[in-house]
Structures are given as C-alpha cells and as structure tokens.
Amino acid sequence: MHGRVKIKSTAQQEEEKRKEREKKLKIYVAARDACFSKRKEGIWDDEALQLTQQLLSSNPDFATLWNYRREILMHLETVKDEDEVQKIYEAELSFLESCLKVNPKSYGSWHHRGWVSARLPRPDWARELSLCDRCLSLDDRNFHCWDYRRMVVKMSGVPVDQELGFTDRLIGSNFSNYSSWHYRSTLLPLLHPESPEPPSPCREPPHSSPPPSPQTHSHRVCEEQLLKEYELVQNAFFTDPNDQSAWFYYRWLLGRAEREEMISCVYVSRDEERVAVAFSRPVNAQSVGLLLVLDGQPQRVEWRSVHPRFKHSPVWICDLPPGTISDITNEHNLTVHWTEKHTHRDCALYTGRTESWCRDSATDQELFRSELSVEKTSVLQSELQSCNQLQELEPLNKWCLLTIILLMRALDPLGYEKETLAHFQTLKEVDSMRSAYYGDLCSKFMIENTILKMEYAEVRVFSISDKNLTTLCHLDQLLLVTHINLSSNQLQQLPPQFAMLQCLEVLEADNNSIENLEGVYHLPKLEEVLLKNNKISTLADLQPLASCPKLKRLDLRGNPVTQTANIESELAELLPSVTDLLL
C-alpha cells in the first residue's frame, strides 16, 4: 500500500467544498458589511476602494457597490491633481476589463465604464474602440458593448463613414450579425440622406462637417446608396435564405416614406351642428393648437376625441353653438387651422345641403405605399424578380414569401392581390405558429385594397364581406362612410377606433364572432345594426349602442344574449329608440 495516492470519497470532497464555500462567503459578507459601514459613515478612502474592488471582482453586478465606488472616485477628484486622477481612472479601466472577463454582459460594469470614460481627463478613445472590437469579436450580439461603442463614437467624433466601414467588416465575416445590420440602418441616413429636392446624385459629406442631427434628416436613404444596399443584402439572403437578420434589414430598406403631417379631411353636419376633423397621424387636438373659424369669426368650441380611451386620435370632433348653422337657407364657410403645423383646411356648407366635407382624393401611393420615383419603381421590380428566383429555389422559405408580398404591395397592391393572397395561404401552412400574425397582416392589406377601390369609385360604401378578416385597421380613412358591410368574416370585436366612422348609418356585421361592441360609441347617424350569428352574450355587451341616438333597427338573431330572460323588455329600456328589434 505504500506509495499509493489515497482517493478521497465523494462525501469527503463535498464536505471540503462546502467548507471552502462557507469560508469564501464569510470573507465576502465581512467585506460587504465593512463597505456598507464605511458608506454609512461617509468614508471615501483607499481602503473602501480596495474593498469594493475585492467584492466586484467576483460579483460585478452589485449595483450598490458601483454607486459607492463612484462616490469614492468623485471624492478623490477633489483631493488629487489632474495627473493623479488620470492614473486612478486608467487603473479603474484596467479593473473594469477584469470584471468584463467575469461577465462580458454585466450591466454594472459597462455602465461604470461609460461613466469613467466620460470623466477621464485625457481619454484614450482609440483604446476604447479597440476594446469594443475585441468584445464584439467574441460576441457580436453583445448589446451592452454596442451601446458603449455608440457612446464612444459620439464622444470621440468618429466619422460616420468609418463606422459604416466597421459594419461592412462585421457583416462580411458573418451575415447573421443582426446588431451590425441594425447599426448600419442608423448610419446610412446620416451619411447618405434622401434629398428633399428632386433626385440628384448621392454626395458624401466631407469628414470635417459634423453629421446632421437626427431631427434634420428624413431617416430615408438616397437612391444611389439604396442600390448598393440591395446588392449587399441580396448576397446575404442568397447565401443563407433562412437567416432572418438580412431579411429584417431588407424590410427596413423597403420601408415607406413618412406621410406629410396635414389635415386630411374636414366634415361638417348641419343636422348635428358638428364638425369632425381627420389628421394624417394621431394628435392631441387639445394641445396642438386647433382653431375653428366660421364665416370669419373664431369659435369657442371644445374639441374631443371620438372615444374616451383616446388622448391621441387621428379624428377629433366638436359641437357648434346651437343654431349656428341649422338654417338650411344659409351658406357657411369654415376653416380649421392647425397652428402647430401652420396649415389649414377650408370647407364650404352650401345652401340646401345638410352636410359637406373637404378632402384630397387619396391615392394608393399617398396612403399605403412609399412615394416611389420611376427609378425606385424599376429597382423594386428588379428586386421582385430576384426574390421570385430565390423562391423557386426555396419555395417554403417564409422570409422570402413575406418579402415578395411586401414588394408586390409597394409596386401594385391591386394588381398583385390574387398572388398576395396565395402567398399568405402558403405562409400560414409553412409557419403555422404565426398564422394569426399572417391573418392580421393579410386583413390589413385587404382593407387597404378595399379603401383604394372605394376611393377610385368615389363612393361612401365600404364592403369587405367574406374575406376572412381577423382585425380592423385604417378606420380613420372611413370618416365619410355611410354604409359598412363586414359580414362573414372572423372578427371578434368592433374596436374603439370604430368610433371614427362619424357618418355611419348602416352597420352590417352578420356571421362573425363578435363579442365586444366598444367601438360603436356616439355614432350620431347610426340607424341600423345587423349582428346576426355572433357571440354577444350579455346586455352589458350592447351598452355602447345606447349612445347612438338615431338607432332604429337592431338584428340580434343567433346570439347567446337572446336567451336572456326578459330580453325584450330590458332591451326596450336600454335602447328606447329601437323600433325594429329582431331576436
């Protein structure tokens, strides 16, 4: 037996490990308590600095200790000269590197490094960029490092084109680098902004000029650079069609221009003595400066959103003083001023007319597509051909199918409607977990197409029955609609936005799964509601209808609520204006 190593039993090993952990824990707790005592007593000395370093070396996510360490460092700034402070902070940066080795994604370590770098008398930004390069080479999705890099770039004035070159290198080595694609999307509008003037050659600003602020550019990229980006991203998704990073970036490249902020419609009703105003985006009319002028005289009116839930809404209404416009033999001129945007819209109410409106005839490009130049249209057609080629090779690739749909929408939404619906059906089959998302997106596109057809026909009837709709959107575009048919779809509610249909007289929504009528709220002209074969189960679900003063006809056949005892008498009390009730 002599000379043989004695093998310790598992129980012995575990006991020794337990004792070692207890020993370390006692040391840790003692150091922690010592730190807390010193901080409570307002002591900011070198010993406290050493104690916090000891603790943070093993646990760099102890936020309270980082706070205490900053207090100590700020105190040392007051008692040391600049050179000594420089050395202290340089040592702090070295210490932080050791902390990042323990946890490269430590919130506390990265935040503290940013704080130290900002206070360093003579910062070495090149060193900090080099550190970021090293960290991102180990993990190119370390968002803490990306955030820190953006701070370093901003503080040191690194040229935008240099950072764009950095993303080139990272993407070139790994197409799946989502963070690099995203960073690239923030840099391109700065370096190659879309000109507000007619298309011109893309020019790169001189390095000596500061980059424009985010408020001064349109967040869009000029066409010449877009062509290069399309080529770059195509290389990525043809190399790996199933990687989502490049596809997300591609969708950003195809993004539409922002609609001009404007008053899109003004509607006035003589019978209700009411004015409704639609904007191109949701606003708070009580704070943006909305002024109503009637026949040259400013009016004291109270603007309100169409539903109590909305503080910001694209549609706002107000009531005129009684008798102001009720006489049908009089003509009136209204002007709504949006003082915040220095814009206005006029509307004339002629003799003998009970209502009037003023709006631009919207086109598909104005409402739902980018403002495409001839060059962009031809480019997008080429992009569609490329994606179709890829789809032939990868017929079940969801990213390719979805991108084809978006390109078709950008080019000709009505012309490609049939192909779009077929692609959506394929998407639901190959990516069944997201079938609800595809259903909502398809519903959105179908509603857009129906609005366009309605615009071209210049009618006030909106019919979109039997289209498998799962959701409603763009309801602010339907302010003037008098008759809407939503029958035989898959709708579960009429959302609060439905209250924007201020001219609605007839609502058809038979054969859905509607349980909630929240959006049928204060519709002043609503006379007829058809809700056969839905899932309305209680009288409380019908409460919003009580706010519609002209409601005459209500069809509830095939709803669970009809089984309620004394339903007729209770409905008569809830909806006294209804004279034609079908149960």
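Tutor: A residue is called buried when its relative accessible area is under 20%, exposed when that value is over 50%, and partly exposed in between. The model under discussion is predicted.

Student: Are F424 and F445 buried or exposed?

Tutor: The two phenylalanines form a tilted aromatic pair, with 6.0 Å from centre to centre and 50° between the planes of F424 and F445. The pair links helix α15, which holds F424, to helix α16, which holds F445, across 21 residues. As to accessibility, both F424 and F445 are buried.

Student: What is the geometry of the pair formed by Y178 and F248?

Tutor: A search of the whole structure finds 19 aromatic pairs. In the case of Y178 and F248, the ring centres are 6.1 Å apart and the planes stand at 85°; an angle over 60 degrees counts as edge-to-face, so the geometry of Y178 and F248 is edge-to-face.

Student: How many residues apart in sequence are the parts that Y178 and F248 tie together?

Tutor: Y178 is partly exposed at 36% relative accessible area, and F248 is partly exposed at 34%. Y178 belongs to helix α9 (residues 178-191) and F248 to helix α11, so the parts they tie together are separated in sequence by 70 residues.

Student: Which residues of helix α11 are buried?

Tutor: At the start of α11, a side-chain oxygen of D243 comes to within 3.2 Å of the backbone nitrogen of S245. Ring pairs join W247 and Y250 with Y230, F237 and F238 in a cluster. Helix α11 spans residues 244-253, and its buried residues are S245, A246, W247, Y249, Y250 and L253.

Student: Which helices do E92 and R69 tie together?

Tutor: The side chains of E92 and R69 meet in a salt bridge, at 2.6 Å from N to O. E92 counts as buried at 3% relative accessibility, and R69 is buried at 1%. The two residues are 23 apart in sequence, so their pair ties together helix α4 (residues 82-102), on the side of E92, and, on the side of R69, helix α3.

Student: How many residues apart in sequence are the parts that E71 and R39 tie together?

Tutor: E71 and R39 form a salt bridge through their side chains, with N and O 2.6 Å apart. E71 is partly exposed, at 25%, as is R39, at 30%. E71 lies in helix α3 (residues 63-79) and R39 in helix α1 (residues 10-40), so the separation in sequence is 32 residues.

Student: Which residues are linked with E97 in a network of salt bridges?

Tutor: E97 forms a salt bridge with R134, and their closest N and O atoms are 3.4 Å apart. This pair links helix α4 to helix α6 (residues 125-138) over 37 residues. R134 is partly exposed, with 41% relative accessible area. The residues linked with E97 in the network are R113, R127, E128 and R134.

How values were computed:
Residues numbered from 1 in each chain as written. Predicted model: local features only at pLDDT ≥ 70, side-chain atom pairs only at ≥ 80, totals over all residues. Heavy atoms only, no water. Salt bridge = Lys/Arg side-chain N within 4 Å of Asp/Glu carboxyl O. Helix = DSSP H or I, 4+ residues; strand = E, 2+ residues; numbered from the N terminus. Buried < 20%, exposed > 50% of the residue type's maximum accessible area, 1.4 Å probe, protein only. Polar contact = N/O pair within 3.5 Å; in protein donor to acceptor, adjacent residues only side chain to side chain. Phe/Tyr/Trp six-rings, centres within 6.5 Å; stacked < 30°, edge-to-face > 60°.
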